[in-house]
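User: I would like to learn how to read the contacts between and within the chains of a model. Could we take the features one at a time, with the general idea before the case?

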Protein chains: 2
Amino acid sequence: MSSSTTAEDTGRAPIWSVSEHLEDILATVHPLDPIELQLLDAQGCVLVEDVTVPVSLPPFDNSSMDGYAVRTADVAGATEEFPAVLEVIGDVAAGAPGNLTVGPGQAARIMTGAPLPPGAEAVVPVEWTDGGLGEGPVGTMTPHSLAPEGASGEVRVHRPAKARAHVRARGSDVRSGERALAAGTVLGPPQISLLAAIGRGTVRVRPRPRVVVLSTGSELTQPGEELTEGRIYDSNSFALTAAARDAGAIAYRVGAVADDAETLRATIEDQLIRADLLVTTGGVSVGAYDVVKEALQGAGDWEEGSESGSGIEFRKLAMQPGKPQGFGSIGPDHTPLLALPGNPVSSYVSFELFVRPAIRALMGLKDVSRPTVRAALDSREPLTSPSGKRQFLRGRYDEEKGTVAPVGGSGSHLIAALAHADALIVVPEDTAEVAPGTELDVILLR
Amino acid sequence: MSSSTTAEDTGRAPIWSVSEHLEDILATVHPLDPIELQLLDAQGCVLVEDVTVPVSLPPFDNSSMDGYAVRTADVAGATEEFPAVLEVIGDVAAGAPGNLTVGPGQAARIMTGAPLPPGAEAVVPVEWTDGGLGEGPVGTMTPHSLAPEGASGEVRVHRPAKARAHVRARGSDVRSGERALAAGTVLGPPQISLLAAIGRGTVRVRPRPRVVVLSTGSELTQPGEELTEGRIYDSNSFALTAAARDAGAIAYRVGAVADDAETLRATIEDQLIRADLLVTTGGVSVGAYDVVKEALQGAGDWEEGSESGSGIEFRKLAMQPGKPQGFGSIGPDHTPLLALPGNPVSSYVSFELFVRPAIRALMGLKDVSRPTVRAALDSREPLTSPSGKRQFLRGRYDEEKGTVAPVGGSGSHLIAALAHADALIVVPEDTAEVAPGTELDVILLR
């Protein structure tokens with residue numbers, strides 16, 4: 001873990017910067033081991049193998065139009081007035097190649113995607129013919145089920161065709177042996193399309209991490225239940241479960257746990273089995289009932305005789321909100337755990353800064369953090385900010401104007417303001433006052 | 001449905017523009033009826049009610065710090081050298097308010113979030129005290145479980161506090177009766193946080209639409225199986241299922257259906273029960289085996305004696321790729337159905353232009369289409385484009401440079417190029433050639 005420079009400078013209790021804390025987290029959280037997933041289950045995941053094309057695409061020369069497969073010499077010079085008249089020897093439908101061979105003076109009726117039959121050199125679209133009806137140009141074929149006679153008789157062709165016209169050549173999309181997708185590719189719909197097209201039913205990717213979210217606090221009541229004196233509703237476990245899903249995780253919300261160290265340890269031990277990452281809120285500060293700190297400070301030593309996590313370290317960060325933070329790993333599999341502060345805004349901001357990157361690092365993604373832009377402060381009054389701390393204020397970003405306006409105050413309990421914000425305004429550590437119009441970093445939340 | 005202006009101009013078979021077709025779809029697809037969902041199940045959905053705050057947040061005056069609740073007169077003038085010495089009368093923990101009253105010369109040890117006890121006017125943080133240890137300033141409290149005596153004895157306070165210092169006032173976040181969120185709000189993590197905080201366990205939203213994706217074609221083989229002569233792998237049903245999920249839908253992939261009208265009708269009738277929207281690929285052009293067209297052209301009349309859909313209309317659109325398109329509604333519930341062409345690139349582009357907006361309209365979202373930006377063509381050669389058609393080419397967008405470079409050719413079978421693109425380049429109907437450097441509309445796919 002990085003040493004706290006601030007601590008060395010001041011000789012006081014060590015204080016870590018936001019960047020140092022994030023660095024330590026990303027140095028500890030490694031991408032999950034890859035697994036083979038069904039194609040649609042791999043959506044949004046990172047490919048861990050170079051995928052090679054096993055068979056060229058298209059696998060055979062085929063028609064790009066509904067029309068007639070012909071020999072070019074037979075239609076040379078054809079016009080509507082002096083059409084080439086060809087014998088229709090049958091249908092070539094997609095998926096039913098048959099065994100037709102097109103000889104001189106012959107044509108096979110052919111459908112889009114059907115293999116070009118031997119002997120044929122080009123396809124003339126049905127719109128360049130009389131469709132076998134002998135009554136001038138047509139725009140369409142009659143369905144075979146209604147008029148099977150369309151697969152025989154004669155067709156009049158009104159225009160010549162060059163060799164290979166309306167023929168998609170074997171391998172013109174990708175060739176056997178080429179690399180279809182490189183390791184590291186994130187699988188969206190077009191990449192899934194290509195993998196299916198080359199016949200891949202499963203694919204090797206890093207799975208979505210399973211994230212268990214626990215809130216702590218004896219004051220927490222489940223939404224929908226009655227609120228008794230001195231209690232508040234649990235919002236953190238809902239907010240962070242939703243945020244974890246938004247970041248790409250499979251998230252499990254565990255109800256609020258009361259402020260009792262034994263209960264919390266037992267709950268966390270129970271949850272380890274389904275967790276790639278644990279996130280707690282609350283109980284990390286300097287109070288006498290800060291149960292997360294109490295329960296987890298020795299967590300590395302839980303299981304005697306078995307390999308265990310390295311334990312959780314609790315720190316003060318030079319940030320507002322979100323000063324108290326815990327991080328480390330626990331249990332036999334060294335499962336990473338982030339212990340966030342309990343104030344709703346603090347926990348949400350901490351999630352964006354530390355948990356979201358951890359989730360995306362577990363997925364093997366390169367861009368682990370939200371995009372940041374520069375924007376000018378749109379405010380009547382200057383902003384004040386505690387010096388020595390990086391402050392994250394809620395704001396609304398106006399892309400058109402390139403400005404950001406603060407929403408609500410800096411209080412870490414102001415959930416309503418957060419719900420009306422779409423950005424976090426970053427006020428650097430060395431800045432105590434920000435004049436209106438000043439350019440600042442802005443983290444975009446959507 | 002809008003009339004085709006092109007048809008009137010030319011006197012030929014009617015041709016619709018991309019915009020006309022989208023307009024017709026959006027005029028037919030209405031937002032789904034709202035339902036009451038559990039909070040976390042409503043993530044990403046649109047709220048249909050104004051949500052009013054039932055109880056102020058915070059619900060009571062409470063401490064923003066771990067410290068001591070005091071009367072301000074008792075700590076006036078306190079310094080480290082001449083501390084105020086107060087009798088500790090007990091603990092006020094969050095969720096365990098107790099019934100302490102702070103009298104003159106007294107202090108209650110109080111935790112973050114705990115209600116301010118009667119008699120107290122302010123909170124002094126533990127860092128401003130000796131923590132009851134009599135040995136100078138401390139940075140933290142000892143856990144109550146280890147040192148229960150911390151809740152009694154004496155505390156030395158080293159600094160004065162103003163009235164209401166470190167007290168979060170009842171209602172300072174939101175007040176009872178205020179509007180928390182307006183109808184139309186999309187529920188992300190911060191909005192879910194607020195709803196939980198005001199006690200809402202469920203919320204009334206438009207649900208995610210259930211989208212059934214079917215591909216058609218006797219040539220289609222399931223990825224992972226062996227490819228026999230004249231056959232290709234089904235990629236469309238995978239690509240569009242993934243794309244539907246990406247757009248916000250709950251998507252069901254139905255395996256490829258062979259080119260047989262009766263089988264297709266039976267499959268679609270079976271699927272109607274779980275579909276808010278049906279999407280098919282293939283079989284919509286002018287061929288003799290275009291089974292979707294054959295099966296669905298009379299679909300409005302399927303069920304005698306029962307109310308049924310308005311039927312599916314098949315059109316030619318002035319676009320490339322994606323000329324043949326079907327759209328309408330079927331079955332007793334008038335379930336909307338979009339019949340897309342079968343070439344992989346055509347079906348994907350059609351999805352982006354028509355199905356994604358339909359899904360998002362069903363959700364009640366306002367922004368139904370992908371964002372479009374202007375970008376300069378980054379290409380050595382001019383692009384050629386069929387005049388009279390709006391062309392959508394695959395491209396890579398460079399945000400920094402504001403340019404877009406074509407990827408692969410215009411062939412509608414080029415899946416590999418699509419998998420390496422992140423944008424669609426839009427060449428307008430009246431443009432036959434685009435010089436390098438020309439600014440064009442670009443649809444961003446990510």
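Analyst: Contact here means heavy atoms within 4.5 Å, and domain bounds come from an automatic or database domain assignment. This is a predicted model, in which local features need pLDDT of at least 70 and side-chain atom pairs count only at pLDDT 80 or more, while totals for chains, interfaces and linings use all residues. Residues are numbered from 1 along each chain as its sequence is written, chains are lettered from A and ligands numbered from 1 in the order in which they are written, and side-chain values use heavy atoms, with hydrogens and water left out.

User: Which domains does the assignment give for chain A, and how many residues of domain 1 of chain A are in contact with domain 2 of chain A?

Analyst: The assignment divides chain A into domain 1 (5-32 + 207-362), domain 2 (39-57 + 173-206), domain 3 (62-168) and domain 4 (372-444). Between domain 1 of chain A and domain 2 of chain A, 5 residues of the one are in contact with 5 residues of the other, and the C-alpha centres of these two domains lie 36 Å apart.

User: How is the size of such an interface expressed, and what is the area buried between domain 1 of chain A and domain 2 of chain A?

Analyst: The size of an interface is often given as the accessible area lost when the parts come together. Buried area is here the accessible area (1.4 Å probe) that two parts lose on being put together, summed over both. For domain 1 of chain A and domain 2 of chain A the value is about 370 Å², with carbon and sulfur atoms giving 49%. There are 2 residue pairs in polar contact between these domains, both residues at pLDDT 80 or more, where a polar contact is a pair of N or O atoms within 3.5 Å; within protein, one must be able to donate a hydrogen and the other to accept it, and residues adjacent in sequence count only if both atoms are side-chain atoms.

User: How many residues do chain B and chain A bring to their contact, and what area do they bury between them?

Analyst: Chain B supplies 86 residues and chain A 85 residues, and the two chains bury about 6500 Å² between them, 62% of it on carbon and sulfur atoms. In chain B, the residues that lose the most area to chain A are B:L40, B:V286 and B:Y289, together 10% of what that side buries. There are 30 residue pairs in polar contact between the two chains, again with both at pLDDT 80 or more. Helix 4 of chain B gives the most to the side that touches chain A, with 8 residues; helices (H or I, at least four residues) and strands (E, at least two) are DSSP runs, numbered from the N terminus.

User: Where is the cis peptide bond at A:Q320?

Analyst: The cis bond joins A:Q320 and A:P321, with omega about -5°, and A:P321 is in the loop between strand 19 (319-320) and strand 20 (324-330) of chain A.
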